[in-house]
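Here are my notes on this model, as numbered points. Please read them with the structure open.

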Amino acid sequence: MSPKTTPSRSLANFLPYQLSIASNAVSARIAKQYHARFGLNVMEWRIMAVLGDAGALTQRELTQMTLMDKVPVNRACKALEDRGLAARRPNENDGRSHLLELTEEGRSVHDRIMPLAEAIEGELFGALSKHDQQKLRDLLILIRKAAGEFDDTALS
């Protein structure tokens with residue numbers, strides 16, 4: 001790295017910076033694959049991944065589960081709907097909101113991406129022992145809990 005592209009020593013040791021660049025690097029590595037093969041961006045894939053695991057959710061729930069700002073969540077949901085990968089239906093528990101869920105085509109794309117994402121995760125984790133892999137997962141959970149509740153208005 002040149003001096004202009006090398007972060008300052010204090011920034012390089014700053015936990016939020018380290019987490020952010022690690023996350024961006026991992027997301028970019030996987031994003032190249034699912035963008036090239038399926039035309040999805042990072043936000044769209046995150047929404048699909050959550051819906052694939054959790055089933056139908058409101059956009060508010062998606063915002064809370066992904067810890068993403070509501071505007072990019074809204075855009076990603078709209079793009080998935082426009083492509084026929086997700087569909088809205090009325091929320092019987094709350095008439096003011098709708099539930100978003102993967103369509104049959106969306107489920108098919110999700111099911112084809114997951115093995116690819118897991119293979120890349122395996123490559124990345126290959127640098128760590130099984131013990132260190134689990135320790136990293138456990139530490140990330142602790143950091144997430146220590147960070148507290150997510151307030152999507154803080155990002156606006």
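1. The model is predicted. Start with the make-up of the largest pocket. Its lining has 30 nonpolar, six polar and eight charged residues. In total, 44 residues line the largest pocket. Its volume is about 2,000 Å³.

2. Which residues lie nearest the centre of the largest pocket? They are Ser23, Val26, Ser27, Arg46 and Leu140. Select these five when you want to find the middle of the pocket on screen.

3. Two or more residues each come from α2 (15-38), α3 (42-54), α4 (59-66), α6 (104-125) and α7 (130-147). The largest share belongs to α2, with 11 residues.

4. Next, the helix pairs. Two packed helices are described by the angle between their axes and the distance between the axes.

5. Take α3 and α4. Their axes come within 11 Å and cross at roughly 105 degrees. Angles of 65 to 115 degrees count as roughly perpendicular, so α3 is roughly perpendicular to α4. On the α3 side, the contact uses Arg46, Ile47, Val50, Leu51 and Ala54. On the α4 side, it uses Leu62, Met65 and Thr66. By class, this contact of α3 with α4 has six nonpolar residues, one polar and one charged.

6. Now α3 and α6. These axes come within 10 Å and cross at roughly 100 degrees. The two helices are therefore roughly perpendicular to each other. From α3, the contact involves Trp45, Met48, Ala49, Leu51 and Gly52. From α6, it involves Gly106, Arg107, Val109, His110, Ile113 and Met114. Seven of the contact residues are nonpolar, three are polar and one is charged.

7. Last, α4 and helix α5 (residues 70-82). Are they parallel or oblique to each other? Their axes come within 10 Å and cross at roughly 120 degrees. The pair is therefore oblique. The crossing of α4 and α5 is right-handed. Gln59, Leu62, Thr63 and Thr66 of α4 make the contact with Lys70, Val73, Asn74 and Cys77 of α5. This contact of α4 with α5 has three nonpolar, four polar and one charged residues.

Definitions and conventions. Residues are numbered from 1 along each chain as its sequence is written. This is a predicted model: local features need pLDDT of at least 70, side-chain atom pairs count only at pLDDT 80 or more; totals for chains, interfaces and linings use all residues. Side-chain values use heavy atoms; hydrogens and water are left out. On a 1 Å grid over the protein atoms alone, a cavity is a set of points where a 1.4 Å probe fits but cannot get out, and a pocket is an open set with protein on both sides within 12 Å along at least five of seven lines; lining residues have an atom within 4 Å of a point. Grid points are joined across faces, edges and corners, and a volume is the space filled by probe spheres set on the points. Helices (H or I, at least four residues) and strands (E, at least two) are DSSP runs, numbered from the N terminus. Ala, Val, Leu, Ile, Met, Phe, Trp, Tyr, Cys and Pro count as nonpolar, Asp, Glu, Lys and Arg as charged, and the others, Gly among them, as polar. Axes are lines fitted to C-alpha atoms, for helices over the stretch in contact, and angles run from 0 to 180 degrees between N-to-C directions. Angles under 35 degrees count as roughly parallel, over 145 as roughly antiparallel, 65 to 115 as roughly perpendicular and the rest as oblique. A crossing is left-handed if the near helix is turned anticlockwise from the far one by less than a right angle, and right-handed if clockwise. Contact means heavy atoms within 4.5 Å.
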